[in-house]
Amino acid sequence: MAVSTVYTTQSFHSTCSISTPSKTHLGFNQKKQILFYNSCGKSTFMRRLTSVFGGAAEPPKGGNPDSNTLISDTTTVICLDDYHSLDRTGRKEKGVTALDPRANDFDLMYEQVKAMKEGKAVDKPIYNHVTGLLDPPELIKPPKILVIEGLHPMFDQRVRDLLDFSIYLDISNEVKFAWKIQRDMAERGHSLESIKASIEARKPDFEAYIDPQKQYADAVIEVLPTQLIPGDNEGKILRVRLIMKEGVKYFNPVYLFDEGSTISWIPCGRKLTCSYPGIKFTYGPESYFGHEVSVLEMDGQFDRLDELIYVESHLSNLSTKFYGEVTQQMLKHSEFPGSNNGTGLFQTIVGLKIRDLYEQITASKAAAPLQATKA
Amino acid sequence: MATISSISLSTPRAVPKSAEPQKLSASASPQLNYPWRRSCQLAARRRMVVVSSAPDKIEDKVAESIKGAEEACSDNPVSGECVAAWDEVEELSATASHLRDKKAASDPLEAYCKDNPETAECRTYED
């Protein structure tokens, strides 16, 4: 269920949504919410995102050491697990998983997200993952950009409507299994059977409550096993698809060569030498849950810096502020999992897209009062 | 027991060696009449201090939860209890993994300096 990074494996499925306050006329009080699901605040995606905005995101100083919240200069990342209505014991007694909506207080989630979007501070509960208990609340001041990540960011319609942008990280079953094995095999007590059993037991709830949220997302990052190596089951080489919804305000999908056409591109050849199994890109329009989308796909791995810059120079609508910004961001966090494949690349690109969205929203809010005074 | 030994043994770094046996005898230990056992206790307590508590506890929790889940599911594999038990295993495994990463990423000096930037070892000079 969370964002997938091989080493951290916290969230194998993430959904991300951004929202800005539309009712207030404060030009400088923009709020965006990004939702991810599962891995609360510690996921690689969040770290890449906050890095694009500048500054490092840290847990609140002087507060609960087990807080799930991350705060940087512009951004606050909130973990939706904090809105669990049942703690670990409560869920055990009722026989429900954390994936079940019955374990979550959507009314409080909506109230607080709305309040923060309107510029009010909230006392948000803390769900302590170590003890499994609900700790006393922490004060969250309204930030410029609010990111909510967790299992159910798009489950409740009211919360969904508050979001400016949403992202879902969709990890395929094979990749999820491979990642969980890497994460848990070193853990005393775990075996292949226990890992499998855990995934299987949670599948019904996952498919009923979590997976359907992807149809609402503005961008989906789908992680699949590679097609470049027949019969590969190690999950080391990944095929990653960035599915971008068309027609979303302020969001211009990334494209390769010619927008709206279908392209298949292998950059390795005379100008660029790649090692096995190489890199393959595809781009084209598709349909996703009845929506028109553009899909940019990368299969394979980057081995060298020049491969990355070569690829970046051929992509368009990246919303970079200077040539090489994507490569620079990837290099800045080269120790993060996924830095050599599509997961890191697309997470970075989505981060830049979100920055662009934020700036456009801010600009339009600043322009609106001016137009009102002109009229 | 673990807490008592960690308090008494963490100070020996600053305290001269001759003081050590006195401090140890001050802490409750029924084995002190047998000096050969005392050195074993000393060694054992020293070993105990080196191990950090949080990852161990979470690892124990993970192992326990797996046993619990296997038991809950042996009765009825599709019950809410079984599913909730495996969900707990997943939650604890993820938390254990997070804590491991946090521990691996943390540098004691950086952590100290973040909270105390004005102390001598943390001051930075930019000309």
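Reader: Which residue of β14(A) stands opposite Met244(A)?

Author: This is a predicted model. In it, Ser294(A) of β14(A) stands opposite Met244(A).

Reader: What makes β10(A) and β14(A) a pair of strands?

Author: Pairing needs at least two bridges. Seven bridges join β10(A), residues 238-245, to β14(A), so the two count as paired. They run antiparallel.

Reader: How do you know that β13(A) pairs with β14(A)?

Author: Apply the cut-off of at least two bridges again. β13(A), residues 279-288, and β14(A) have 10 bridges, so they pair, in the antiparallel sense.

Reader: Why is β14(A) called mostly covered?

Author: A residue is buried under 20% relative accessible area. Eight of the 10 residues in β14(A) are buried, so the strand is mostly covered.

Reader: Now the two chains. Why is the link between Asp60(B) and Arg188(A) called a salt bridge?

Author: The limit is 4 Å between a side-chain nitrogen of Lys or Arg and a carboxyl oxygen of Asp or Glu. Here the closest N and O atoms are 2.6 Å apart, so the pair qualifies. The count between chain A and chain B is seven salt bridges.

Reader: How many residues of each chain are in contact?

Author: 32 residues of chain A are in contact with 30 of chain B. Arg183(A), Glu187(A) and Arg188(A) supply 22% of the area that chain A buries against chain B, more than any other three residues.

Terms used: Residues numbered from 1 in each chain as written. Chains lettered and ligands numbered in written order. Predicted model: local features only at pLDDT ≥ 70, side-chain atom pairs only at ≥ 80, totals over all residues. Heavy atoms only, no water. Contact = heavy atoms within 4.5 Å. Buried area = accessible area lost by both parts, 1.4 Å probe. Buried < 20%, exposed > 50% of the residue type's maximum accessible area, 1.4 Å probe, protein only. Helix = DSSP H or I, 4+ residues; strand = E, 2+ residues; numbered from the N terminus.
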